[in-house]
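Subject: Structure for you to look at

Hi,

Here is the structure I promised to pass on. Have a look at it first, and then read my notes below.

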Amino acid sequence: MSDLLERLRGRGWRMTSQRRVVAEVLDGDHVHLTADEVHARAAERLPEISRATVYNALGELVSLGEVAEVCTDGRAKRYDPNAHHPHQHLVCRRCGLIRDVHPRGDPMAGLPDEERFGFAVSEVEVTYRGLCPTCAD
């Protein structure tokens, strides 16, 4: 059972067959699928699942804070099940591949007090960009 499924069970999320297959598709490290990719993979397991059902389930998972929406460079939203594990993203500029990375140090410490302009900063998003090994060849 995935971490995501365990968290959803713990929250009492009603686990229909459609919701279960969406959660199972999102299982794993470095998973950053678009809604269409989630639907395609879910339909392989449960052919009758509709696109609307997938979108609704993804919306609920985001609202619950169990899945994070990742938007990079105007591309389609991607869904990251590692919402409870602090990390940043490494994105290929050419193909859009996204990998989770865990840089050392506190990213909040990188912003001096005089650069906060009175903001009460609560979170930091850092995106590293470059070319993946496939695109760099």
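To start with the overall picture, buried residues make up 34% of the 137 residues in the protein chain. Buried here means under 20% relative accessible area, exposed means over 50%, and partly exposed is in between, with a 1.4 Å probe and protein chains only.

Before you go further, note that this is a predicted model: local features need pLDDT of at least 70, side-chain atom pairs count only at pLDDT 80 or more, and totals for chains, interfaces and linings use all residues. Residues are numbered from 1 along each chain as its sequence is written, and side-chain values use heavy atoms, with hydrogens and water left out.

**The chain as a whole**

You will find five helices and five strands in the protein chain. Their order along the sequence is α-α-α-α-β-β-β-β-β-α. Helices (H or I, at least four residues) and strands (E, at least two) are DSSP runs, numbered from the N terminus. Along the principal axes, the C-alpha atoms of the protein chain fill a box of roughly 55 × 40 × 25 Å.

Of the contacts in the protein chain with a separation of 6 or more, 48% are between residues 24 or more positions apart. Contact means heavy atoms within 4.5 Å.

**The helices**

Helix α2 (residues 17–25) has Arg 19, Val 21, Val 22, Ala 23 and Val 25 buried. Among the elements covering those buried residues of α2 are α1 (3–10), α3 and α4.

Leu 26 sits in the loop between α2 and α3. Leu 26 counts as buried because its relative accessibility is 0%. Not counting residues up to four places away in sequence, Leu 26 touches Leu 4, Val 31, Val 38, Leu 58, Leu 61, Val 67, Tyr 79 and Pro 81. From Leu 26 to Thr 127 there are 101 residues in sequence and 21 Å in space, C-alpha to C-alpha.

In helix α3 (residues 35–45) you will find His 39, which is buried with a relative accessible area of 14%. Leaving aside neighbours within four places in sequence, the contacts of His 39 are Ile 49, Ser 50, Arg 51 and Val 54.

Gly 65 lies in the loop between α4 (51–64) and β1 (68–70). With 31% relative accessibility, Gly 65 counts as partly exposed. Again leaving aside neighbours within four places in sequence, Gly 65 is in contact with Ala 83 and His 84.

Two strands pair if DSSP finds at least two bridges between them.

Strand β3 (residues 88–92) and β4 run antiparallel and are joined by four bridges. Leu 90 has Arg 99 in β4 as its bridge partner, and His 89 stands opposite Asp 100 in β4. The covered face of β4 holds Ile 98 and Asp 100, while Arg 99 and Val 101 are on the uncovered one. In the hairpin of β3 and β4, with five residues between the strands, Gly 96 takes a positive phi near 85 degrees.

Finally, take a look at Phe 117, in the loop between β4 and β5. Phi of Phe 117 is near 50 degrees, a positive value in a residue other than glycine. Phe 117 is exposed, with a relative accessible area of 65%.

Cheers
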